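Hello,

Here is the structure I promised to pass on. My notes follow below it.

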Amino acid sequence: MKNIFKTASLLAAAVMLFSCGGENGDPTGGTDASGDIMIVSDKDVIQSNGQDVATLKVIAGGKDVTAEAVFYDVNNDVVNLPGGQFTATKDGDYKFWATYGTMSTYDKSYDDNGLFTIKAISVPVPEAVADPKPNNTSFEHRAFLVQYTGTGCGYCPYMIKILKELSSEDVIPENAVLAAVHSGYNANDPAKISGPTVSNYPFLHVDLVNGFSHTQGKDALKGLINQSTAGAAKAGIAVNPKLYDDGTLVLKVSVKAAVDGIFNVGAWLLEDNLFGQQSDYDNVGDTSYNYHNNCVRITDSKYKGTYFGLPLGTLKAGQTVDKTFVMDVKSKWVVENLHLAAFVSYGAKTGSRISYSVCNAIDCPIDEPTPFDYK
């Protein structure tokens, strides 16, 4: 299983989530042009014990040319990686690029300069969750709901009311995963986060593409969720999390493709039961609206301006790839109230343009493995 990073070839989406809002608040995907040279690795995160090994390869024109390639670090110094093997004895992000003949993965036109990153951490990286049905690609399908809100938002109780009703009807979490982004209004919001944002609150995205306003009513949102989950899931997700005593949360996220295609993956950390007085909660006559659930603490899915996830490359149906996420859990967060939303996005290609949307999502605990959810 390999994590593929198109270091010189992936041009990210040009339209950002934080530029969206209102009835026209649907973000769109961007352009992806496949290049001829890339770095791939069997690991993107290793333990900094000098023994955990990541094996890097240089692929040019679809051929493994590692033996003839030259690796460089972020300072443009030649790095000796016998057989492409890399270990680390210090924590940190290690960035590389490579050349093969006249070809190079280094390109200043990209915001990461085409650099490939290996993260070294002091704690062990968990193994992937075992797949009990390796020949199965029929997964339960859930929509990904991103609620844009804030405790200072006077109309937000009306959106909260709709979401509470869907939860009581088991639409959430049976058919949808909810993440509440408190990116608007007052700075003393206990769940305040810097992004993503929209221009009009309250607002909600289904699968990060279809916009919904509370004025449309509960049935309209149920319709969007049904529309999202009507077809077979294009991929499944499994998560093996490990929270260490120093607050480091390491996730091994596995994505298994059900169809051929281009996929991204993201992981968000959520917290429940945060108290913060909600403006105009009395409009709905319910003091429980002052307690907030599914509050986003960390969004690890931003790649070159959008939140559709980190690239996994082009996968074949039945292929599984792993991505490791590392999160810093703050001491003020209540561990017992934390959980995760993991999602996978699919890139629909039209010519040279790729439009992304979330194609499946799961909600999972931070203290036990969550296997693939087969139908």
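**Helix α3 and the cysteines**

Please keep in mind that this is a predicted model.

I began with helix α3. Its outward side, the face turned away from the buried one, carries the exposed residues D219 and Q227. The buried residues in α3 are L221, L224, I225, S228 and T229. Viewed down the axis of α3, these buried residues fall within an arc of 125 degrees, so they line one face of the helix.

What do the buried residues of α3 pack against? Two helices are among the partners: α1 (156-168) and α2 (171-174). The strands are β12 (143-149), β13 (176-182), β14 (203-206) and β15 (210-212).

The length of α3 also checks out. The helix has 12 residues, 218-229. At 1.5 Å a residue it should span 16 Å, and its end C-alpha atoms are 17 Å apart, which agrees.

Next, the cysteines. How many disulfides does the structure hold? There is one. C153 and C156 form the disulfide, with their sulfur atoms 2.3 Å apart. The link of C153 and C156 is right-handed, with 90 degrees about the S-S bond. Are C153 and C156 buried or exposed? Both are buried.

Two further cysteines are worth a look. The cut-off for buried is under 20% relative accessible area. C295 counts as buried because its relative accessibility is 0%. C359 is buried too, at 7% relative accessible area.

Best wishes

Technical notes: Residues numbered from 1 in each chain as written. Predicted model: local features only at pLDDT ≥ 70, side-chain atom pairs only at ≥ 80, totals over all residues. Heavy atoms only, no water. Helix = DSSP H or I, 4+ residues; strand = E, 2+ residues; numbered from the N terminus. Expected span 1.5 Å × (residues − 1). Buried < 20%, exposed > 50% of the residue type's maximum accessible area, 1.4 Å probe, protein only. Arc of directions from axis to C-beta. Contact = heavy atoms within 4.5 Å. Disulfide = S-S within 2.5 Å.
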